[in-house]
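Subject: Structure handover and findings

Hello,

Here is the structure for your files. Please load it before reading on.

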Amino acid sequence: MGRSNDDTSYYVKVIIVITLAFSLFFLSNKQIQLLLNRSDSQTEIFTVKLNFDDEFRADKRKVFAVVMIPTTPDHISIRNVIRGSWGNVSAWKVGMDNLDAEYKSITLMWVVGALKDQEYSKEFKEEISKHNDIYICDMINEHKTALKYKVLWSYMRAVQLFDFKYFVKTDDDILVNLPLLLSHLKDAPRSHYYGGLCIALYGGFAGYPMWRYCSGGGYYLSKDVVEHAISLPPQYHRVPFRPEDAYTGYLVRWAIKTQKFKVTIATNKKALSLYGYKCGPWEYIFYHKEFHKMQKHFDMITVNKTVKCV
């Protein structure tokens with residue numbers, strides 16, 4: 001039998017990722033030194049005691065999944081589209097019928113950093129007062145280097161505030177097939193679980209080992225994996241590389257190594273579509289796409305589970 005187009009595409013992606021990973025071995029010494037010497041202003045997260053006592057609840061809100069989405073204050077329109085489309089369980093006209101209520105219990109967690117020497121806009125403040133889903137980490141400044149520490153902070157915050165089974169991380173330029181995600185997690189292991197499109201490798205430079213991680217467009221961890229990751233000593237968090245998805249994989253690796261904690265890294269080639277929407281069946285969990293088309297495609301799939309060629 002011939003190989004399907006999906007299989008061929010999958011193996012092409014694997015080859016590309018492996019090629020990029022091995023290219024790290026050929027970085028010049030100067031490039032490696034620049035990488036290691038890059039200043040990181042966000043390390044105060046490890047020296048400042050996180051004070052969540054004012055909001056800590058013994059009776060934590062019980063949800064099946066916390067869906068964390070890093071964002072910036074000016075992405076108000078993007079957040080509103082997601083709140084009204086895939087991030088709203090009741091907005092799905094199809095796909096949710098086979099799920100019991102407990103599996104449809106999710107909470108969105110938008111994580112925003114502080115603005116250095118700036119005030120939040122009036123529109124953003126109004127959004128905060130209207131919605132109860134924005135979390136501001138005022139010890140992390142909004143910057144492209146801050147993403148991995150936003151993720152770490154959100155792990156800590158989620159454990160403080162929610163009684164959850166899974167932590168899901170995605171981005172605000174991703175359209176999530178929520179029924180498929182929740183159906184997948186319903187049947188997934190409740191512990192020792194880390195999954196997504198986990199075919200990428202990172203490391204292999206400046207004494208770092210190579211490790212596998214799940215792409216940041218969408219991945220999920222069982223609660224115990226989150227707890228083990230945040231319990232690691234600070235030296236495992238002070239790392240010179242920026243990619244938050246590789247950082248999460250790094251924490252999982254060291255949770256396994258140092259705490260003798262077994263984790264199933266479950267890769268699913270249908271977890272993430274890196275190249276946007278395709279015509280035909282809606283079969284991936286996470287779809288990367290520019291947000292201005294998100295509402296149109298969401299409206300299509302909630303009617304007939306397909307995307308028309310438009």
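Below are the findings, starting with the ground rules.

This is a predicted model, where local features need pLDDT of at least 70, side-chain atom pairs count only at pLDDT 80 or more, and totals for chains, interfaces and linings use all residues. Residues are numbered from 1 along each chain as its sequence is written, and side-chain values use heavy atoms, with hydrogens and water left out.

**Overview**

The protein has nine helices and 16 strands. These are DSSP runs, numbered from the N terminus: helices are H or I with at least four residues, strands are E with at least two. Buried residues account for 51% of the 310 residues. Buried means under 20% relative accessible area, exposed means over 50%, and partly exposed lies in between (1.4 Å probe, protein chains only). Take the contacts between residues at least 6 apart in sequence: 77% of them join residues at least 24 apart. Contact means heavy atoms within 4.5 Å.

**Helix packing**

Some conventions first. Axes are lines fitted to C-alpha atoms, for helices over the stretch in contact, and angles run from 0 to 180 degrees between N-to-C directions. Angles under 35 degrees count as roughly parallel, over 145 as roughly antiparallel, 65 to 115 as roughly perpendicular, and the rest as oblique. A crossing is left-handed if the near helix is turned anticlockwise from the far one by less than a right angle, and right-handed if clockwise. For residue classes, Ala, Val, Leu, Ile, Met, Phe, Trp, Tyr, Cys and Pro are nonpolar; Asp, Glu, Lys and Arg are charged; the others, Gly among them, are polar.

Helix H5 (residues 147-161) packs against two helices described here.

- H5 with H7 (residues 223-230): the angle is about 120 degrees and the axes are 10 Å apart. The pair is therefore oblique. The crossing is left-handed. H5 brings Leu152, Tyr155, Met156 and Val159; H7 brings Val226, Glu227 and Ile230. That gives six nonpolar residues, no polar and one charged.
- H5 with H8 (residues 244-259): the axes come within 8 Å and cross at roughly 50 degrees. This pair is therefore oblique too. The crossing is right-handed. Leu147, Lys148, Tyr149, Val151, Leu152 and Tyr155 of H5 meet Glu244, Tyr247 and Thr248 of H8.

H3 (residues 76-84) and H4 come within 11 Å, axis to axis, and cross at roughly 25 degrees. They are therefore roughly parallel. Ile76, Arg79 and Arg83 of H3 meet Glu123, Phe124 and Glu127 of H4. Here the contact residues divide into two nonpolar, no polar and four charged.

Helix H6 (residues 178-186) has these buried residues: Leu178, Pro179, Leu181, Leu182, Ser183 and Leu185. Their cover includes E3, E6 (166-170), E7 (174-176), E11 and E15 (286-288).

**The disulfide**

A search of the whole structure finds one disulfide, that is, a pair of cysteine sulfur atoms within 2.5 Å. Cysteine 198 is joined to cysteine 214, with S to S at 2.0 Å. The torsion about the S-S bond is about 90 degrees, so the disulfide is right-handed. The pair links distant parts of the chain, 16 residues apart. Cysteine 198 is in the loop between E8 (193-196) and E9 (200-203), and cysteine 214 in the loop between E10 (210-213) and E11 (218-222). Both cysteines are buried. Cysteine 137 is also buried, at 1% relative accessible area.

**Individual residues**

Leucine 108 sits in strand E3. Its relative accessible area is 9%, so leucine 108 is buried. Beyond neighbours within four places in sequence, leucine 108 contacts Val67, Ile69, Ile82, Arg83, Trp86, Gly87, Asp133 and Tyr135. Its C-alpha is 7.2 Å from that of glycine 87, 21 residues away along the chain.

Lysine 116 is in the loop between E3 (106-114) and H4 (122-130). Lysine 116 is exposed, at 58% relative accessibility.

Most residues other than glycine have a negative phi. Histidine 192 has a positive phi of about 55 degrees, although it is not a glycine. Histidine 192 lies in the loop between H6 and E8. At 32% relative accessibility, histidine 192 is partly exposed.

Best wishes
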